[in-house]
Amino acid sequence: NAGTEADVYISVYGERGDTGSRQLLRSQKPKKFLKGQTDIFTVEAVHLGHLYKIVIGHNGLGSGNGWFLDKVVIKDPITDLDYTFLCHRWLDQGQDDGNIARELTVTDTSMFPGSKWKLWAAEKWKFQEGNTLQFYNRLTHGFICLSPDSRVDALGDKKNKYGKVFFMWMYA
């Protein structure tokens, strides 16, 4: 159930502007957005220069519309450069954080080779501005709380004024 039948759209942003929202209509595959499948689309646009982000999502319509997106790779035919945007998350109102659209920034995969980058791509959303993190140390059986205002609380009070609290397990 990782594919979708919903209408998928993308906006591509570069140093010279953006494409606006474009529906991904014609894949080179007979059925698009199936689990485990790579779909290839052609999007016509003026040259945007170096790309830095995309917004990709779907309209949430249809049965089983949730979608697990691994990554988007955009090949610039003028410069012959590939731009990779890692997601590794659900676009589903009933999974993950409930969002059906994601803003993804370009990834320099040479910095994070192999599976370590996939792990970071899956977990980096927890470190967004406004989130509070609590790390649990199994050795000391205590919490360390990192708050959005840069405070560090070694006592890790679970009741605080911040709405989003994520637990990370540290093994010593």
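In this predicted model, strand 5 makes the greatest contribution to the lining of the largest pocket, supplying nine residues. Strand 1, strand 4 and strand 5 each provide at least two residues of this lining. The pocket has a volume of about 1,100 Å³, and of the 35 residues that line it, Asp39, Phe41, Val72, Val73 and Ile74 are the closest to its centre. By residue class, the lining comprises 22 nonpolar, seven polar and six charged residues.

The largest nonpolar core contains 18 residues, of which Ile54, Ile56, Leu69, Val72, Ile74 and Phe85 touch the most other members. Two or more residues of this core come from each of strand 1 (8-14), strand 4 (51-58), strand 5 (67-75) and strand 6 (82-91). Beyond its neighbours within four places in sequence, Ile54 is in contact with residues including Ile10, Val12, Val72, Ile74, Phe85 and Leu104. In soluble globular proteins, nonpolar side chains tend to be buried together.

Four aromatic pairs are present in the structure. The pair formed by Tyr13 and Tyr52 is classed as tilted because the ring planes stand at 50 degrees, with the ring centres 6.5 Å apart. This pair connects strand 1 with strand 4 across 39 residues of the chain. Tyr13 is partly exposed at 21% relative accessibility, as is Tyr52 at 42%. The rings of Phe68 and Trp90 have centres 5.5 Å apart and planes at 70 degrees, and the pair is therefore edge-to-face. Phe68 lies in strand 5 and Trp90 in strand 6, 22 residues apart. Ring pairs also join Phe33, Phe41 and Trp67 into a cluster.

Note on methods:
Residues numbered from 1 in each chain as written. Predicted model: local features only at pLDDT ≥ 70, side-chain atom pairs only at ≥ 80, totals over all residues. Heavy atoms only, no water. Core = buried A, V, L, I, M, F, W, Y, C linked by side-chain atoms within 4.5 Å. Buried < 20%, exposed > 50% of the residue type's maximum accessible area, 1.4 Å probe, protein only. Helix = DSSP H or I, 4+ residues; strand = E, 2+ residues; numbered from the N terminus. Contact = heavy atoms within 4.5 Å. 1 Å grid on protein atoms, 1.4 Å probe; cavity = no way out; pocket = protein on both sides within 12 Å on 5 of 7 lines; lining within 4 Å. Points joined across faces, edges and corners; volume = space filled by probe spheres on them. Nonpolar A, V, L, I, M, F, W, Y, C, P; charged D, E, K, R; others polar. Phe/Tyr/Trp six-rings, centres within 6.5 Å; stacked < 30°, edge-to-face > 60°.
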